[in-house]
Amino acid sequence: MKINTFFYFLAPVFLLGLSFTAFSQTAPYKEPKFHSDWSKPSVYPDRIILNFGEHPESQIGITWRTNSEIDSGFVEIAKASGDPKFWQNKKTIPANTGVFDAREIETAEVLAHYHSLEIDKLEPATKYGYRVGDGERWSEWFQFETASADTEKEFSFLYVGDAQNYILELWSRLIREGFKTAPDAKFFIHAGDLINTAHKEQDWHEWFTAGGFIHSMIPSLPTPGNHEYRAKDSLENIQKIRSLSLQWQPQFTLPKNGPEGLEETVYYMDYQDARIISLNSNRDLEIQAEWLESLLQKTKQKWIIVTYHHPMYSASSGRDNATLREIWKPIFDKYHVDLALQGHDHSYARGRVSPGENVLEGVNLRDQTGTVYVVSVSGGKMYEVGGDWTELGATKDRSGENTQLFQVITVKGDHLLFESYTAIGELYDSFELIKTENGPNKFIELRAKAIDERVSQEK
Ligand SMILES: [Fe+2]
């Protein structure tokens with residue numbers, strides 16, 4: 001080969017090969033630096049978030065934050081229309097303002113005001129515009145929609161497991177892809193460990209920044225995980241007391257219909273024909289069992305969907321929560337909870353109790369189901385899957401690891417469609433439940449429609 005031929009024809013190919021090799025090597029992780037002053041409150045509203053009340057066809061909770069100079073707040077609200085002056089018939093309603101003084105708390109070190117308002121007597125199936133401010137400085141107009149009075153009307157909602165780590169870096173793409181896939185989702189379930197370090201302002205700021213206007217448009221139903229609990233100071237550390245994240249109650253305006261002392265962590269709302277219940281798997285399991293039993297005795301809704309953080313059946317080895325099964329599962333079974341939405345294990349698992357292969361009166365029991373249990377993860381921290389459910393009398397139908405996921409759940413009359421998606425919008429898992437006359441739900445396995453299972457090795 002002439003030397004010229006090498007330089008003109010083969011050298012570019014050779015160099016391209018070298019650079020591709022360099023590109024495809026795994027790069028070491030380097031934590032990004034974000035703006036150091038960014039989580040400080042100002043005179044302008046930030047962290048604007050919606051929560052539904054117990055009756056989402058007529059109630060909404062609105063919360064936001066300012067610095068301590070702003071000692072009053074207002075919500076302006078009007079029925080939305082295409083007319084840019086839709087706000088002419090607005091109501092201006094004063095909000096409640098509370099002082100959030102965490103200046104002495106390590107990692108918080110902040111003084112702020114939180115403003116919140118619960119609005120009721122809204123009209124069902126109606127799109128409202130609202131903005132928040134102090135009368136002079138306002139947010140943009142956001143929109144939300146109340147639930148329908150027609151309990152059979154189709155609706156979808158989103159559910160995610162732990163955001164917790166790499167929130168702004170990586171959870172951002174996940175929540176935004178979720179919004180893109182289900183822009184009409186009526187609410188958003190966060191199954192605990194929204195952040196990594198309870199009380200830490202930076203974590204909460206990442207959570208609010210990653211979600212951006214989604215938090216201000218789609219009401220959130222958060223349930224606390226173990227990472228929402230932490231000692232506030234060295235004295236609590238010595239006494240092994242872990243307090244709920246100081247920001248939780250100021251920054252969410254949730255239904256106060258749970259047991260005393262667990263308000264806004266244990267609560268429920270009735271979205272059309274679904275009763276959605278948040279439980280707190282960190283503490284007081286017996287108190288909640290009693291509360292749950294009395295609540296479910298009176299439940300008339302067709303669908304019962306429960307969310308809490310620690311899984312009833314773990315997705316990973318060595319993370320079993322036997323006490324939960326002992327205390328809560330008999331109630332789930334007795335009152336036919338349809339779906340349990342969980343987090344904590346940083347992987348994916350979906351299964352159910354003893355579906356079996358036996359044919360009874362012409363029906364294969366595999367095609368019927370009690371509660372379906374799901375574990376999912378949305379942030380960037382990942383664990384391997386593991387743990388044997390068969391010895392616990394349950395079957396894992398689908399697993400996943402090393403995959404950020406969000407779920408879209410659609411309810412229409414007697415049908416519930418469950419879909420899990422990866423952070424790039426690939427269908428990862430799916431099944432359908434159908435209500436039958438007084439019997440267990442009919443179960444339709446749809447995982448064959450999804451991409452291949454993402455599990456690194458045979459477990
Ligand atoms: Fe957790």
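**Exercise 1.** In this predicted model, determine at what angle helix H2 (residues 167-181) and helix H3 (residues 201-211) pack and how far apart their axes are, and then classify their relative direction.

*Solution.* Two packed helices are described by the angle between their axes and the distance between the axes. For H2 and H3, the angle is about 30° and the axes are 8 Å apart. Since angles under 35 degrees count as roughly parallel, H2 is therefore roughly parallel to H3.

**Exercise 2.** Identify which residues of H2 and H3 meet, and sort the contact by residue class.

*Solution.* On the side of H2, the residues involved are Ile-167, Leu-168, Trp-171, Ser-172 and Ile-175, and these meet Asp-203, Glu-206, Trp-207, Thr-209, Ala-210 and Gly-211 in H3. Sorted by class, the contact of H2 with H3 comprises 6 nonpolar, 3 polar and 2 charged residues.

**Exercise 3.** Work out the strand order of the open sheet of 4 strands, name its edge strands, and describe the pairing of S1 with strand S2 (residues 60-66).

*Solution.* Strands of a sheet pair through backbone hydrogen bonds, either parallel or antiparallel. Here the order is S1-S2-S6-S5, and the pairing is antiparallel. Strand S1 (46-52) and strand S5 (96-101) form the edges, as each pairs on one side only. Averaged over the sheet, and with direction ignored, neighbouring strands are turned by 20° against each other. Turning to one pair, S1 and S2 are joined in the antiparallel sense over 5 bridges, and Asn-51 has Gly-61 in S2 as its bridge partner.

Methods
Residues are numbered from 1 along each chain as its sequence is written. This is a predicted model: local features need pLDDT of at least 70, side-chain atom pairs count only at pLDDT 80 or more; totals for chains, interfaces and linings use all residues. Axes are lines fitted to C-alpha atoms, for helices over the stretch in contact, and angles run from 0 to 180 degrees between N-to-C directions. Helices (H or I, at least four residues) and strands (E, at least two) are DSSP runs, numbered from the N terminus. Angles under 35 degrees count as roughly parallel, over 145 as roughly antiparallel, 65 to 115 as roughly perpendicular and the rest as oblique. Two residues are in contact if their C-beta atoms, placed from the backbone, lie within 7 Å. Ala, Val, Leu, Ile, Met, Phe, Trp, Tyr, Cys and Pro count as nonpolar, Asp, Glu, Lys and Arg as charged, and the others, Gly among them, as polar. Two strands pair if DSSP finds at least two bridges between them.
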